Amino acid sequence: GGGSSRANTVAALPQIIERLADIAKSENMEVEPAALELVARRAAGSMRDSQSLFDQLLASADKRITAAEVHRLLGTASDERLMELFASIIERQRNQTLALFSHALSEGGQLGELTDQILNYLRDLMVLAAEATNVPLISVSETSRDALAKQAQTWGLNTIVAALQIVSEAKLKMQRATFGRALVELALIRLTLLEQLQSLDALLTELA
């Protein structure tokens, strides 16, 4: 196995949350449980990364750290925002989709971070559509699992896989482009066009 990753070993989410809570206590900081979970989730299971992220938070905050402050520091959108964005994509409400994305940016979301969140959300939908029940979610809290499972069921695995390919292509292109926002918006609109392709598929199968 790769020995190089030893210094940055992967820890379970509960372990990381517990460790961060200890740090907060020793610093006399009050931290919302949701904020602790966000930091732990964001560091993707790395104890070291989550601690350095947490140090930045502690340095920039007063006596209390909320989930909203974590999102502000990270340039990310809240779980609710993401779920709302995907609800409008799945319902093919294109004006709403662009408006919600624009709003997330104007609230301090960073383009690259938001795109990663959208990719991780699609990955979670894929996991749920594939019925991988014991695979943890990475984009939102486990408490949202049921809500995401409903979205995954509505959209279906074929559509989710196509969506993931579209957004990952956009992400790759963004690294070389100055018009990143347009690329993501194009990808989002393409996602709203997807389900029609799948229902066309179903129709052709029926006709055959």
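Are Arg41 and Asp79 buried or exposed? Arg41 is buried, and Asp79 is buried too, where buried stands for under 20% relative accessible area, exposed for over 50% and partly exposed for anything in between, using a 1.4 Å probe and protein chains only. Before going further, a word on the model: it is predicted, so local features need pLDDT of at least 70 and side-chain atom pairs count only at pLDDT 80 or more, while totals for chains, interfaces and linings use all residues. Residues are numbered from 1 along each chain as its sequence is written, and side-chain values use heavy atoms, with hydrogens and water left out.

Now for the overall picture. The chain has ten helices and two strands; these are DSSP runs numbered from the N terminus, with helices being H or I of at least four residues and strands being E of at least two. Going along the sequence, the pattern reads α-β-α-α-β-α-α-α-α-α-α-α. The radius of gyration is 19 Å, close to the 17 Å from the globule rule for 208 residues, so the chain is as compact as a globular protein of that length. That radius is taken over C-alpha atoms, and the rule is 2.2 Å times the number of residues to the power 0.38. The C-alpha trace spans about 65 × 40 × 30 Å along its principal axes. Of the 208 residues, 42% are buried. Among contacts (heavy atoms within 4.5 Å) with a separation of 6 or more, 67% are between residues 24 or more positions apart.

Next come the salt bridges, and there are eleven of them in the structure. To count, a side-chain nitrogen of Lys or Arg has to be within 4 Å of a carboxyl oxygen of Asp or Glu. The general idea is simple: side chains of opposite charge can pair when their charged atoms come close. Arg41 takes part in a salt bridge with Asp79, with 3.0 Å between the closest N and O atoms. This pair ties together distant parts of the chain, since Arg41 sits in helix H2 and Asp79 in helix H5, 38 residues apart. Arg41 also meets Glu37 in a salt bridge, at 3.4 Å from N to O.

Another pair is Arg181 with Glu185, whose closest N and O atoms are 2.9 Å apart. The two are separated by about one helical turn because they lie four residues apart in helix H10 (residues 180–207). Arg181 has a relative accessible area of 36%, so this residue is partly exposed. Elsewhere, Glu30, Glu32 and Arg64 are joined in a network of salt bridges.

On a 1 Å grid over the protein atoms alone, a pocket is an open set of points with protein on both sides within 12 Å along at least five of seven lines, a cavity is a set where a 1.4 Å probe fits but cannot get out, and lining residues have an atom within 4 Å of a point. Points are joined across faces, edges and corners, and a volume is the space filled by probe spheres set on them. The largest pocket holds about 440 Å³. Its lining has 21 residues, with Arg41, Arg42, Asn120, Ile138 and Ser139 nearest the centre. Split by class, that lining is eight nonpolar, seven polar and six charged residues; Ala, Val, Leu, Ile, Met, Phe, Trp, Tyr, Cys and Pro count as nonpolar, Asp, Glu, Lys and Arg as charged, and the others, Gly among them, as polar.

The second largest pocket comes in at about 170 Å³. Residues lining this pocket include Glu37, Arg41 and Asp79. Helix H2 gives the most to its lining, namely four residues.

The largest cavity has a volume of about 70 Å³, and helices H5 (79–90), H6 (94–106) and H7 (111–129) each give two or more residues to its lining. The lining counts eight nonpolar residues, no polar ones and one charged. Ala104 and Leu114 are among the lining residues, and both also touch Gly109, as does Gly75. Gly109 itself is in the loop between H6 and H7, and counts as buried because its relative accessibility is 9%.

Note on methods: Lists of a residue's contacts leave out its neighbours within four places in sequence.
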